[in-house]
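Visitor: I should like to work through this structure by question and answer. May we begin with the model in view?

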Amino acid sequence: MSALTWTDGVPAIDHHSHAAYVRPGQPVAGVDHYTVENAMGHVEGRVPHTEYQEYMRLVEQGHDDGAAALGDKLGIPALVTESRRFQSTTVHAVALQEGCDALYGPVPTEHIDEVSARARTEDFVGLYDRALLLSGTASVLTDIPEIDARVWPHERYKPIARIDPYLFPFGHPAWPGRGTDTPRFRRIFHRVLQRQLEIAGTALPDTLEAYTELVIASLERRRAEGFVGLKIASAYVRTLEFVRTDRETARSAWTTLRAGAARPFEGREAEADLDPAAHKALADHLAFVIAEWAVAREMPVQIHTGFGHTEPGLRISTANPLLLEGLISDPALNTLKVILIHGGFPYSSHLTALAQMHGNVHLDFSWMPYLQHHTLGRVLQEWLELLPANRVMFGTDTGSPELHVSSTARARAALDGVLDDGVRDRLWTPRQATWLAERVLHRNLCDVYGIEL
């Protein structure tokens, strides 16, 4: 990449990361697990659905011998090897190599997983701190259920709480679709809610009113512990169309879902014999309750829009950010600080229009720096040319120190390219380009979240 111009020396704050986050049951592993995880979409598209589901069940439950035997029968190791070859030309593969080079120096390819696993196991926090130092990142906002501030200090790692676990107190209806990504998100939401109930020292309340009080108390406690914002990741399990739903309808849904959850059910964890309409109505009601609390407490809300992971699950059509218009346009939420994250691909221009028409809506391009190269430049160009200077934020969307380094470098290079073009085309003066670099890399985030650099 070429030398930086406008962003050189400008501190960054990562608006969206997963620093300190290890999925339930997931050991600390080397960087190869990212490639294997991406390969599962390739595998899922070549193995019969029922057998793939059984294979993943064995993997997720830690039945290594059974998973290996079934994997061999299905030819999964060969499919993963095939996927590795095809993935080698992606931006993700390039970015992962760049990050490893930056953190570990020249290491033979066959040893990089071992080297990264050892570095992570010995001192993961120290490795992440080094990644921040190398990339000129002052701090990160991290999407994480809980964080030990004695290990991950708040001045550098500021937690963001997902609201999704609160939206589905009875779990979800049975999943009829492909893949295992959506069921995995459901389990994570379920386990986070169970943990919040454990912390509160209570079981699931009997009434909607008591449950709402518990949710607000949980959010207040997390805010007091240092959580600086909220996130909605529900696109992975449902539509983004949140509809204001009155309390009486929500009470009726609560009663219906409670009865469904009590019926015998053969299925996955976090699933039950639930009525889909009641499931949506209750979640819609709770989402607005939490959003109104966020307005009162000036807590910004990040929302995932656009495509998801490489395995099927998230429905791209129901992750369309235009489905958020009902929520964003609600008069009671006109001062809610909304940040639509990940660039919303393939709906990036839809994000532009939503931000153009709503002064409380901001955009971040996390995830894009290590997945998309030229697309990132085009999106940044559109956003910075149309939107006021206070709307765009930098982010990485990774829990990988390796990808943090490369994503930050790639984001700086993309932003520099757009600012270079803008100055050359006399859209901006050099002084304005310098100002825009600062606004995108940290100032807009500081203003929205009320935090210092």
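This is a predicted model: local features need pLDDT of at least 70, side-chain atom pairs count only at pLDDT 80 or more; totals for chains, interfaces and linings use all residues.

Visitor: How far apart are the end C-alpha atoms of helix H10?

Guide: Helix H10 covers residues 247-262, which is 16 residues. At 1.5 Å a residue, the helix should span 22 Å. The model agrees with this expectation, for the end C-alpha atoms are apart by 22 Å.

Visitor: Within what arc do the buried residues of H10 fall, seen down the axis?

Guide: The buried residues of H10 are Ala250, Ala253, Trp254, Leu257 and Gly260. Seen down the axis of H10, these buried residues line one face of the helix, because they fall within an arc of 135°.

Visitor: Which exposed residues does H10 carry on the face turned away from its buried side, and which helices do its buried residues pack against?

Guide: The face turned away from the buried side of H10 carries Glu248, Thr255 and Ala262, which are exposed. The buried residues of H10, in turn, pack against helix H9 (208-224) and helix H11 (276-297).

Visitor: At the start of H10, which backbone nitrogen does a side-chain oxygen of aspartate 246 reach?

Guide: The contact is found at the start of H10, and aspartate 246 contributes a side-chain oxygen. That oxygen comes to within 3.1 Å of the backbone nitrogen of glutamate 248.

Visitor: Is alanine 210 buried, exposed or partly exposed?

Guide: Alanine 210 has its place in helix H9. Buried requires under 20% relative accessible area and exposed requires over 50%. Since its relative accessibility is 29%, alanine 210 counts as partly exposed.

Visitor: How many of the 24 residues of H15 are buried?

Guide: Helix H15 consists of residues 401-424, and its end C-alpha atoms are 35 Å apart, in agreement with the 34 Å it should span. H15 is largely enclosed by the rest of the structure, because its buried residues number 17 of the 24.

Visitor: Which residue with a positive phi follows H15?

Guide: The phi in question is near 60°. The residue that follows H15 with this positive value is arginine 426.

Visitor: What is the count of disulfides?

Guide: A disulfide is a covalent bond between the sulfur atoms of two cysteines. Cysteine 100 counts as buried because its relative accessibility is 2%, and cysteine 446 counts as buried because its value is 3%. For a disulfide, a pair of cysteine sulfur atoms must lie within 2.5 Å. By this rule the count of disulfides is zero.

Technical notes. Residues are numbered from 1 along each chain as its sequence is written. Side-chain values use heavy atoms; hydrogens and water are left out. Helices (H or I, at least four residues) and strands (E, at least two) are DSSP runs, numbered from the N terminus. The expected span of a helix is 1.5 Å times one less than its number of residues. Buried means under 20% relative accessible area, exposed over 50%, partly exposed in between (1.4 Å probe, protein chains only). The arc is that of the directions from the helix axis to the C-beta atoms. Contact means heavy atoms within 4.5 Å. A polar contact is a pair of N or O atoms within 3.5 Å; within protein, one must be able to donate a hydrogen and the other to accept it, and residues adjacent in sequence count only if both atoms are side-chain atoms.
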